[in-house]
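I opened the model today to look up a few local features. My notes follow.

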Amino acid sequence: MILTVLKTIGIVLLVLIAIILAILLLVLFVPIRYQGQGKAGEGEICASAKVTWLLHAICVTVDFDKNKDKKIITDIHILGISLNKVRAWLKDRKKAKRKKHMKAHLQKLQKEDPEAYEALKAKAKERKKQKAKLLGESSEDENNTADSKNEASQANNDSKQTASETEAKTGDAKTNVDAKADASVQAADKDANVSLESAATVSDSEAALQPQLEVEEMSFSTIAYQLLYK
């Protein structure tokens, strides 16, 4: 009897040691593979990453999308089975079981206490109306928010357009002023050139008249000398 117990304990220990050794060998010699990709554009940023181990026996995926409500989605697959799907299935099963239990309870209450059943039914209808009213108000607030955003964007576009038109008008006015200034400068240069030409002409005329005057003076003195000494 004691030998049988010891033999069983030994077998169990050997199995546990073998399992531990197998896990250690897998961790040491089986690589972890990973890959990722991403995309970025105008108002769009999304990325995904994937990590696998032991021939996809264990797989972890992470997805990121900026435009979605839930930006980061993580899922774990074990032997091809998604833990998110298992969790959702368990949640639906629990919800269905609760609904079935609630239905049986209401049927029992309707048979045993009709007044309490009617009061509970009226209370449920009132709660449903309040919920619908709140949803309507929230949707109206969302519509008002969207309208205000559209108005703000339209006003922003109008202000940008007005600023561009003002800049264009300012540029045209500046161009006209520069053109007038250039024309004035050219006219002043032209007048200065005409004045210089006139001065040059007068100086040339004076230079031409001066030899004639000297010749006339010389002739007069010669005539006077001849008349005195003859």
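Is C59 buried or exposed? C59 is buried, at a relative accessible area of 7%. I used these classes: buried is under 20% relative accessible area, exposed is over 50%, and partly exposed is in between (1.4 Å probe, protein chains only). C46 counts as partly exposed because its relative accessibility is 23%. I then looked for disulfides, meaning pairs of cysteine sulfur atoms within 2.5 Å. The count by this rule is 0.

Notes on the source. This is a predicted model, where local features need pLDDT of at least 70, side-chain atom pairs count only at pLDDT 80 or more, and totals for chains, interfaces and linings use all residues. Numbering runs from 1 along each chain as its sequence is written, and side-chain values use heavy atoms, with hydrogens and water left out.

Next, backbone angles. Most residues other than glycine have a negative phi. L55 is not a glycine, yet has a positive phi of about 55 degrees. I found L55 in the loop between strand 2 (44-53) and strand 3 (58-65). Strands here are DSSP runs of E, at least two residues; helices are runs of H or I, at least four. L55 is exposed, at 77% relative accessible area. L79, also not a glycine, has a positive phi of about 55 degrees. L79 lies in the loop between strand 4 (72-78) and strand 5 (81-82). L79 is exposed, at 69%.

Last, charge. K91, K95, K99 and K103 form a positive surface patch. Patch residues have over 30% relative accessible area and no salt bridge, with like charges joined within 9 Å. A salt bridge puts a side-chain nitrogen of Lys or Arg within 4 Å of a carboxyl oxygen of Asp or Glu. K103 sits in helix 2 (residues 83-112). K103 counts as exposed, at 54% relative accessibility.

Definitions and conventions:
Patch = residues over 30% accessible without salt bridge, like charges linked within 9 Å, V, L, I, M, F, W, Y side chains within 5 Å. Areas by Shrake-Rupley, 256 points an atom, 1.4 Å probe, with all protein chains shown as cover. Lys, Arg positive; Asp, Glu negative; His and termini not counted. Charge placed at Lys NZ, Arg CZ, Asp CG, Glu CD.
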